[in-house]
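I opened my notebook to look around a structure that was new to me. Here is what I looked up, entry by entry.

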Amino acid sequence: MNNHNLSKKREILSYTAAFIFILLMVATAVHFADRELILPEIAAMAVAIFAFREQSWMRQPEKIFILPSLTAIIGFSLNFLEIPHGMKLVAVLILMLILMYSFKYSLPPALATGFLPIVSQAHSFSFLASILSTTAVLMVSVYIFRLNKGSDRKSTIDSRTLLLYFGIMVTWVAIATVLGYGQMAIIPPIAVVTYESLSMKMYSIKIALKQIAVLFLSASIGVFFFLTVNNWLIVSVADLLFMYLLLKLFKMHVPAVYAFPFLAFILPKEVISALPFAALAMSIFSFGIILIYRQYADKMISKISDLK
């Protein structure tokens, strides 16, 4: 991320562009009375691209359109199958990881857009129309405004990361299903942050705790505003401002935080109030496993270095 290189004026303009983009998405959903037009991960992508200038997400701008669109189509198609919810999640996970490995390119938000139609029970083709149009706008914006200027197009993908990610997600789906919380087995923003955390060069308990805190708080704030304010545009403005302040308070850049509040707009009503606690549980499990793995991996690397 290199938004620290932006002047204050350009930073303000960048956030403004991202927020306007998100509000237009919500306004379109309100106008057509169609909640499936609201895409939480697109909110995260807009902030990451316009404001954070997340170079790792923009190495190959065409993939901003291609990968999320393909994973969304996969998840949307699987949603029509008469199979258990948990099996749909595992199936879309396998297909998405195969897709990313085939492209030799990882775009974490594409994981969320694949899980999203299953989690939100999307069945309207307006969902796909929204994915295709919003990702196309983001892709074109990167090209027009040269937001990826200086970034390297080269990309590699680590099969070990994919396997470990698969293990974490499948294990959590199994645990949540056994405990009777299958509907909340996968929470897309946490699924994205989990993948990103596996790819971090340095990962510590401090980072994990801060991630857990901001994700839990963002979910809590989003659910609070959604349940107490009866105007989606007002809720959206409040959510965006509070997410901005939350990340400034924790001194973090976590695009997924901006996705969380908008999950409340599209989740089945019966699970909305449980979102913060489900997010907390999945965060603790996922980041805890990553901490254990990283400690083990670091020790192994040290031993190998000592042998040399």
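**Two helices side by side**

I began with α2 and α6, which are roughly parallel to each other (angles under 35 degrees count as roughly parallel, over 145 as roughly antiparallel, 65 to 115 as roughly perpendicular and the rest as oblique). The axes of α2 (residues 40–51) and α6 (residues 125–145) cross at roughly 5 degrees and come within 11 Å. Here axes are lines fitted to C-alpha atoms, for helices over the stretch in contact, and angles run from 0 to 180 degrees between N-to-C directions. Helices are DSSP runs of H or I with at least four residues, strands are runs of E with at least two, and both are numbered from the N terminus.

Which residues of α2 and α6 meet? From α2 I noted Ile42, Met45, Ala46, Ile49 and Phe50, and from α6 Thr134, Thr135, Leu138, Ser141 and Val142. Seven residues of this contact are nonpolar, three are polar and none is charged. In that count, Ala, Val, Leu, Ile, Met, Phe, Trp, Tyr, Cys and Pro are nonpolar, Asp, Glu, Lys and Arg are charged, and the others, Gly among them, are polar.

**What I am reading from**

I reminded myself that this is a predicted model, where local features need pLDDT of at least 70, side-chain atom pairs count only at pLDDT 80 or more, and totals for chains, interfaces and linings use all residues. Residues are numbered from 1 along each chain as its sequence is written, and side-chain values use heavy atoms, with hydrogens and water left out.

**The core**

Next I asked which residues touch the most other members of the largest nonpolar core. They are Phe115 and Tyr165, in a core of 107 residues. A nonpolar core is a set of buried Ala, Val, Leu, Ile, Met, Phe, Trp, Tyr and Cys residues joined through side-chain atoms within 4.5 Å. Buried means under 20% relative accessible area, exposed means over 50%, and partly exposed is in between (1.4 Å probe, protein chains only). In soluble globular proteins, nonpolar side chains tend to be buried together.

I then listed the partners of Tyr165, leaving out residues up to four places away in sequence: Leu93, Leu97, Leu111, Phe115, Ala191, Thr194, Tyr195 and Leu198. Contact means heavy atoms within 4.5 Å.

From there I followed Thr194, which sits in α8 (residues 188–198). Thr194 is buried, with a relative accessible area of 0%. Thr194 and Met169 are 25 residues apart in sequence, and their C-alpha atoms are 9.1 Å apart.

I also looked up Ser283 in α12 (residues 275–307). Is Ser283 buried or exposed? Ser283 is buried, at a relative accessible area of 1%. Beyond neighbours within four places in sequence, Ser283 is in contact with Ile190, Ile212, Leu215 and Gly288.

**Salt bridges**

How many salt bridges does the structure hold? I found four, each being a side-chain nitrogen of Lys or Arg within 4 Å of a carboxyl oxygen of Asp or Glu.

One of them joins Lys248 and Glu11, with the closest N and O atoms 3.3 Å apart. Lys248 is in α10 (residues 232–250) and Glu11 in α1 (residues 8–32), so the pair links distant parts of the chain, 237 residues apart. Lys248 is partly exposed at 40% relative accessibility, whereas Glu11 is buried at 12%.

Glu62, Lys63 and Arg153 form a network of salt bridges. The N to O distance is 3.5 Å for Lys63 with Glu62 and 2.9 Å for Glu62 with Arg153. Glu62 lies in α3 and Arg153 in the loop between α6 and α7 (159–178), so the pair ties together parts that are 91 residues apart in sequence. Lys63 is buried at 10%, Glu62 is buried at 18%, and Arg153 is partly exposed at 42%.

**Two loop residues**

Last, I checked backbone angles. Most residues other than glycine have a negative phi, and most peptide bonds are trans. Lys104, in the loop between α4 (85–103) and α5 (109–119), has a positive phi of about 55 degrees. Gln121, in the loop between α5 and α6, has a positive phi of about 60 degrees. Lys104 is partly exposed at 39%, and Gln121 is partly exposed at 35%.
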